[in-house]
Amino acid sequence: MEQHVNPIIDAVLGYIAGFIQYLAGLLGPYLPEAHWAAYLAFALYVTAIILGGLLAILARNLVRAMMGLVLTFLGVAGMYLLLASPFLAFMQLLIYVGAICVLVFFAIMLTHNSSEGEESKLPPLSALGYGLLSLIAPLAVAGPLIILHGSKLKSKVPVDTPTGDLGKGLLTEYVLPFELISIVLLVAMAGAVFLAFRGFAPLKGDKE
Amino acid sequence: MELSLLYFVKILVAVLAIIALMVGNAIVMVYVERKAAGFIQRRPGPYEVGPWGTLQAIVDSMKLLAKQIFVPANADYILFFLAPILAFFPVLLLFLPIPFGPYLTSWETPDGIILILAFAGFGVLSNLLGGWASNNKYGVLGAARAVSQSIAYEIPLILALLAVIYQAGTLNLSEIVEAQGSWPWQWNLVCQPLAFFIYLVSLVAETNRAPFDLPEAESELTAGFHTEYSGMGFALFFLAEYANMLLVSFVCATFFLGGYKGPILDGFWWTFIKAYLVMFFIVWIRWTFPRVRFDQLLNINWKWLLPLSLLNLWVTAIVIKVIG
């Protein structure tokens with residue numbers, strides 16, 4: 001039996017396999033032990049998050065930018081799945097894709113429906129600078145927390161928490177942060193109404 | 001969870017079976033729908049192709065396959081083709097946690113109903129994308145209606161299901177079936193009649209069917225969000241609509257009608273009989289009721305269904321606290 005294998009493809013495959021082995025050997029001591037499928041899924045989700053984020057920022061069309069956001073949310077939901085919390089993953093999809101994105105889309109559609117939106121021009125350099133500056137705030141908060149508490153994880157493999165325990169936790173131990181988050185939403189909503197409310201009297205431009 | 005080849009094979013077989021079910025369901029339901037419409041409106045319905053017109057749906061799908069796909073001028077090319085794909089494929093996932101029989105669940109997950117509700121959101125998104133990307137005023141109007149309708153009716157739908165979830169104390173669909181008995185008076189339909197009614201109204205609105213088919217109201221909007229779709233683009237939307245109908249019928253059977261449990265012998269046949277009864281009910285009311293106006297549609301939801309479902313949930317919680 002004679003096998004017709006293209007020597008070039010063979011060589012390339014061999015090279016790739018060797019490179020992956022080399023990388024695994026290099027990073028091996030620093031990576032937690034997990035199934036190869038977990039690493040594959042992680043790579044997939046990271047790619048989805050980064051590509052989606054780039055699309056959301058760089059797309060010159062608001063609807064396409066929003067599809068990038070949807071891709072990012074999908075990736076984040078996948079990350080929750082990898083962390084053994086399917087409930088959180090599904091909630092992420094239910095709330096962010098099913099409700100928030102649809103509402104954002106609705107708002108975009110009500111304003112204009114041309115595929116070349118008002119956001120088509122690149123923002124000035126100063127705006128980009130401010131955008132980069134705003135990165136410092138989350139870093140300033142999250143950085144020390146990660147440095148102080150990052151290494152205190154009890155187990156390397158995520159623990160599967162039953163949904164019932166999650167609910168009990170939200171209503172007993174963590175009830176205060178839970179309610180505080182609701183207050184943030186309430187403030188945002190009240191602010192939106194305050195900004196958009198024009199009073200009961202019709203404005204000069206209105207008919208009737 | 002142990003990863004094994006058997007596990008992947010099981011999911012693969014399940015997905016293939018679900019695709020077969022979706023396509024077969026669409027072909028059968030198109031025929032049933034047109035015959036039922038004919039019967040209700042005192043006309044024969046399809047009768048030319050095949051015996052009693054049974055091959056009409058197959059001929060129609062052949063026509064759809066052969067049709068030219070047409071992209072309107074200035075349409076957003078990528079999103080235009082993404083929309084039907086996004087409408088069709090997430091529906092495959094929705095069938096995974098449904099217990100068709102005692103051992104016939106594709107993927108036993110403790111958060112089954114949340115999975116269904118989460119991926120159902122992609123349907124709305126695809127309608128929106130389709131309407132927007134077509135660069136057509138009817139498309140945009142249909143999409144705008146689709147979103148305000150779906151967002152509104154999702155709330156009473158979830159609250160109605162939540163009442164049953166309170167009773168069973170689980171999000172797993174199989175356990176919800178197990179909490180019910182074999183005889184009709186042991187089903188959730190009896191102790192949750194109001195939730196059943198609210199769910200029934202909301203499911204018709206969520207699947208964009210008449211009398212709540214405002215996103216595609218043909219007398220005002222041509223065909224709403226899928227006005228510009230032809231050929232397979234339209235066929236995918238169409239398949240997704242029938243698959244969504246089938247899904248809400250299966251969820252209805254699981255939550256309110258005892259799922260695979262039935263008199264004499266439990267089994268997958270009961271799930272299918274019950275789901276198709278609900279399907280037939282959806283078809284029946286489509287040809288019986290006139291389409292509501294948009295303000296009526298929103299008033300029914302926000303002024304009636306939402307307070308009623310909240311009240312139902314509240315009473316359920318109190319009764320559970322008092323009894324158990």
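Tutor: Let's begin with a definition: helices (H or I, at least four residues) and strands (E, at least two) are DSSP runs, numbered from the N terminus. This is a predicted model, in which local features need pLDDT of at least 70 and side-chain atom pairs count only at pLDDT 80 or more, while totals for chains, interfaces and linings use all residues. Residues are numbered from 1 along each chain as its sequence is written, chains are lettered from A and ligands numbered from 1 in the order in which they are written, and side-chain values use heavy atoms, with hydrogens and water left out.

Student: What percentage of the residues in chain A is buried?

Tutor: Buried means under 20% relative accessible area, exposed over 50%, and partly exposed in between (1.4 Å probe, protein chains only). Chain A has 208 residues, and the buried part is 17%.

Student: How much area do chain B and chain A bury between them?

Tutor: The size of an interface is often given as the accessible area lost when the parts come together. Buried area is that loss (1.4 Å probe), summed over both parts. Here 81% of it is on carbon and sulfur atoms, and the total is about 2,500 Å².

Student: Which helix supplies the largest share of the side of chain B that touches chain A?

Tutor: Contact means heavy atoms within 4.5 Å, and this one takes 30 residues from chain B and 28 residues from chain A. Helix H3 (77-94), helix H4 (112-133) and helix H5 (137-168) of chain B each supply at least two residues of that side. With 12 residues, the largest share comes from H4(B).

Student: How many salt bridges does the rule find across the interface of chain B and chain A?

Tutor: A salt bridge is a side-chain nitrogen of Lys or Arg within 4 Å of a carboxyl oxygen of Asp or Glu. Across the interface of chain B and chain A, the number found by this rule is zero.

Student: Is B:Ala243 buried or exposed?

Tutor: B:Ala243 is found in helix H10 of chain B. Not counting residues up to four places away in sequence, B:Ala243 touches B:Met22, B:Asn25, B:Val91 and B:Phe95. Because its relative accessible area is 0%, B:Ala243 is buried.

Student: Where is B:Arg42, and is this residue buried or exposed?

Tutor: Most residues other than glycine have a negative phi, and most peptide bonds are trans. Phi of B:Arg42 is near 55°, a positive value. B:Arg42 sits in the loop between helix H1 (5-40) and helix H2 (56-66) of chain B, and with a relative accessible area of 81% this residue is exposed.

Student: Is B:Asn208 buried or exposed?

Tutor: B:Asn208 is not a glycine, yet has a positive phi of about 55°. B:Asn208 lies in the loop between helix H8 (193-206) and helix H9 (218-221) of chain B. Because its relative accessibility is 6%, B:Asn208 counts as buried.

Key
Buried area = accessible area lost by both parts, 1.4 Å probe.
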